[in-house]
Amino acid sequence: MKSTHLSLIAGAVALAAITGFASLNAPGGPAAEETASASSLPVERSSLVCPAPSTSDLAETRYTSFTPPGKDAGGGEGTKDTAELKPALAALDDEIETDPKKAKKAEEAAKKAKAKADKPVLAVKEPGKPVLADANGSAAPALVGTATGALAPGWAAQQTTTVTAGGARGLLGVSCTAPDTDFWFPGASTARSRQDYIHLTNPDDGAAVADVELFGAKGAVSSEVGDGITVPGRSSVALLLSTLTDESVNDLTAHVTTRSGRVGAVLLTADDGSGTDWLTAAADPSGTLVMPGIPADATSVQLVAFAPGESDADVKVQLMGKNATFAPAGNDTLHIKSGMTATVDLKDITRGEPGSLRLTPVEKNRATPIVAALQVVRGTGAKQEYAYIPATGPVGARASVTDNRAKGSTLSLAAPGADAEVKVTTSAGSGGGEATVETYTVKAGTTMAVTPKPPAGLKGTYALTVETVSGGPVHASRALVLPEDGVQMFTVQTLPDDGGTVVVPSARQDLSVLDD
């Protein structure tokens, strides 16, 4: 019986490291439970998915991937450390081919696609050193992948796409996401000037079934087309939002859930003449939200918020600037009706200084959960370009973002509560260079914009890793700017905690109780 109990304990701890969840009660009842304490272990498996980058033949895409070094990282005995992203399979045609010759060609094509999908587009070889791969044109694939062992904790990836011409020219950046079952996208649109596609990518072998709901300023936008969307195993599906409803709505909140399976979901937006970028899912509904990293030279900022519950929400709108927190004139509070999308034009709120937006309940004892995101514009007229900053969770223990170049990266750090100290590591370059470390103190209620110092001898791209050292929570984002023909093309990625560790119970008890 001793070995049985010990195996159960070991199995629960292993399950927690792999899946991020475990529940363990030591034998012996309440007395034994009092001797239990929690400890953190590095995860041993992580999954990421990346959407198909672009439908433009002019698109130039760079994929990057990175795992930060960690003293506690490591796979179990006999575990192979891998971190590979592979092409997703093309969605299959449901129509059955009856012509024998065409059927044979289709079968051969399917075999070639399967063989291609088994070859990694990029694979991390060691913690601390990023890797990159380039793909051009509209054929660049969506990616699915898994990291195991020492390469799993904190594994991050990004795809960055440049489209230099056309009505939706711009810089599109998106951090590849972990698959999940629930996503919120405040800032979507079915307006005639917009082309918004929701990308659903399934990393698993079995099919997933998803639903897409849309909510405007007057409530739910009717759509039966968005119900029961099948995403085949290891495949990606893109849905044009305007085909899900007959209504043309400027500002929407899109809600994606799955009935079965899990997917990665991101929203690709394009506005005729104004640019294009990805909108990643906002942080889960909460009474307090932070959107870090509004550029100092933003010419227009629009807040989009939604209250998913049964109660209306009243929130304070505050900008955490370079030196202090203040409320924008005329927009110090916002009322959000239940089940409806609210928008606020904050104009050029930053006025030449970097900032972050904070939403808090007007009444502390009435914190109604909401979701929110910002659409940020730089430039004017034909030279304008936009990006999104969704509400995001704090950096927590650690967060990383890949694809930083020799020039063009700005790291924004916001401390909504107490003063905080953070450590920022610039990794070695993908082609060479030495990692560097800097420490910063962020004052409470302010935003600090940092231009990272590239690693010495940089070749290729590098990753940024932010770690909380002490003090209150810190929310962070990275802006990447790649100017093109006078247009300040830019994209912003947030840095929530990478989930590289999982808390598991650690039983400290007299094992003699197992003799009974």
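All six of the six residues of strand S28 are buried, so S28 is largely enclosed by the rest of the structure. Here buried means under 20% relative accessible area, exposed means over 50% and partly exposed lies in between, with a 1.4 Å probe and protein chains only. Strands (E, at least two residues) and helices (H or I, at least four) are DSSP runs numbered from the N terminus.

This is a predicted model, in which local features need pLDDT of at least 70 and side-chain atom pairs count only at pLDDT 80 or more, while totals for chains, interfaces and linings use all residues. Residues are numbered from 1 along each chain as its sequence is written, and side-chain values use heavy atoms, with hydrogens and water left out.

The protein chain has three helices and 38 strands. Of its 516 residues, 49% count as buried. Among contacts (heavy atoms within 4.5 Å) with a separation of 6 or more, 83% are between residues 24 or more positions apart.

S28 runs antiparallel to strand S35 (residues 462-471), and four bridges join them; two strands pair if DSSP finds at least two bridges between them. Val-401 has Leu-464 in S35 as its bridge partner. Ala-463 is also in strand S35. The C-alpha atoms of Ala-463 and Asn-404 are separated by 6.0 Å, although these residues are 59 residues apart along the chain. Beyond neighbours within four places in sequence, the contacts of Ala-463 include Phe-66, Pro-130, Val-401 and Thr-402.

Arg-194 is found in the loop between S10 and strand S11 (197-201). A polar atom of the Arg-194 side chain lies 3.0 Å from the backbone oxygen of Gly-187. Leaving aside neighbours within four places in sequence, Arg-194 is in contact with residues including Thr-269, Asp-271, Gln-375 and Tyr-388.

| Residue | Relative accessibility | Class |
|---|---|---|
| Arg-194 | 8% | buried |
| Ala-463 | 0% | buried |

The largest pocket has a volume of about 1,400 Å³. A pocket is an open set of points on a 1 Å grid over the protein atoms alone where a 1.4 Å probe fits, with protein on both sides within 12 Å along at least five of seven lines; lining residues have an atom within 4 Å of a point. The volume is the space filled by probe spheres set on the points. Of the 46 lining residues, the closest to the centre are Thr-177, Ala-178, Pro-496, Asp-497 and Asp-498. Elements that give two or more residues to this lining include helix H1 (2-19), strand S10 (182-188) and strand S28 (399-404).

Notes:
A polar contact is a pair of N or O atoms within 3.5 Å; within protein, one must be able to donate a hydrogen and the other to accept it, and residues adjacent in sequence count only if both atoms are side-chain atoms.
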